[in-house]
Amino acid sequence: MKKSDPNSKLIAENRRARFDFAIEDDIEAGIMLLGSEVKSLRQGGSNIAESYASVEDGELWLINGYVAPYLQAKTWGHEERRRRKLLVNRKELSRLWNATKREGMTLVPLRMYFNDRGVVKVKIGIAKGKKLADKRETSAKRDWQRQQARLLKQG
């Protein structure tokens with residue numbers, strides 16, 4: 001049995017992404033951060049719910065991701081919602097570019113976390129937007145699962 005590593009820790013999760021999008025594939029990317037941003041993330045101040053990723057000029061960017069200000073870094077702090085560069089290899093980048101430009105997919109950040117080495121990673125989902133009927137179906141399926149569990153529990 002594998003023990004959980006004290007370094008690996010979930011920072012932020014986009015729980016709404018699985019409801020709003022049909023995620024077809026996901027990819028792990030590194031992220032370029034400033035020192036004050038890493039310290040802030042260690043304290044748990046982050047939100048990726050309204051953010052998205054985009055391929056621009058041969059680079060992958062995380063746009064509108066929120067990292068809370070680090071109060072001890074008064075002079076050399078960081079912008080909370082600045083664009084942050086995501087790090088992937090060239091092959092993955094071309095695959096993401098094809099998915100967004102040719103197939104009309106969306107790049108949605110699913111989770112931000114520290115991996116077992118203590119490095120910040122972002123899991124990005126290659127997704128297609130759901131229509132309202134699909135969302136209703138997902139919601140109905142979830143309700144039915146809850147009801148089944150309740151019935152089984154009662155006996």
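Student: In this predicted model, which residue in strand 8 does Ala12 stand opposite?

Tutor: Ala12 stands opposite Met112 in strand 8, and strand 1 and strand 8 run antiparallel, joined by four bridges.

Student: How many bridges does strand 8 make with strand 9, and in which sense do they pair?

Tutor: Strand 8 and strand 9 pair over eight bridges in the antiparallel sense, and among the partners are Arg111 and, in strand 9, Lys123. The hairpin that these two strands form has five residues between the strands, where Gly118 takes a positive phi near 85°.

Student: Is strand 8 mostly covered or mostly open, and how many of its residues are buried?

Tutor: Strand 8 is mostly covered, with seven of its nine residues buried, where buried stands for a relative accessible area under 20%.

Student: Which residues have the most contacts inside the largest nonpolar core?

Tutor: They are Leu60, Leu86, Leu107, Met112 and Ile124, in a core of 24 residues. At least two residues of this core come from each of strand 1 (9-13), strand 2 (21-31), strand 4 (52-56), strand 5 (59-63), helix 3 (90-101), strand 8 (106-114) and strand 9 (120-129), and strand 9 gives the most, with four residues. In soluble globular proteins, nonpolar side chains tend to be buried together.

Student: Which residues is Leu60 in contact with, leaving aside its neighbours within four places in sequence?

Tutor: Leu60 is in contact with Leu86, Leu107 and Ile124, among others, and the list also includes Ala53, Val55, Val88, Leu93 and Leu96 as well as Ser54, Arg84 and Lys85.

Student: Why is Asp57 called exposed?

Tutor: The relative accessibility of Asp57 is 80% and the cut-off for exposed is over 50%, so Asp57 counts as exposed. Asp57 lies in the loop between strand 4 and strand 5, and its phi is near 55°, a positive value in a residue other than glycine.

Student: Why is Asn64 called partly exposed?

Tutor: Asn64 has a relative accessibility of 26%, and partly exposed covers the values between the limit of 20% for buried and that of 50% for exposed; therefore Asn64 counts as partly exposed. Asn64 is placed in the loop between strand 5 and strand 6 (66-67), with a positive phi near 70°.

Student: Why does Ser51 count as buried?

Tutor: Ser51 has 6% relative accessibility, and buried means under 20%, so Ser51 counts as buried. Ser51 is found in the loop between strand 3 (46-47) and strand 4, and its side chain reaches the backbone oxygen of Ile48 at 2.8 Å.

Terms used: Residues numbered from 1 in each chain as written. Heavy atoms only, no water. Core = buried A, V, L, I, M, F, W, Y, C linked by side-chain atoms within 4.5 Å. Buried < 20%, exposed > 50% of the residue type's maximum accessible area, 1.4 Å probe, protein only. Contact = heavy atoms within 4.5 Å. Pairing = 2+ DSSP bridges. Polar contact = N/O pair within 3.5 Å; in protein donor to acceptor, adjacent residues only side chain to side chain.
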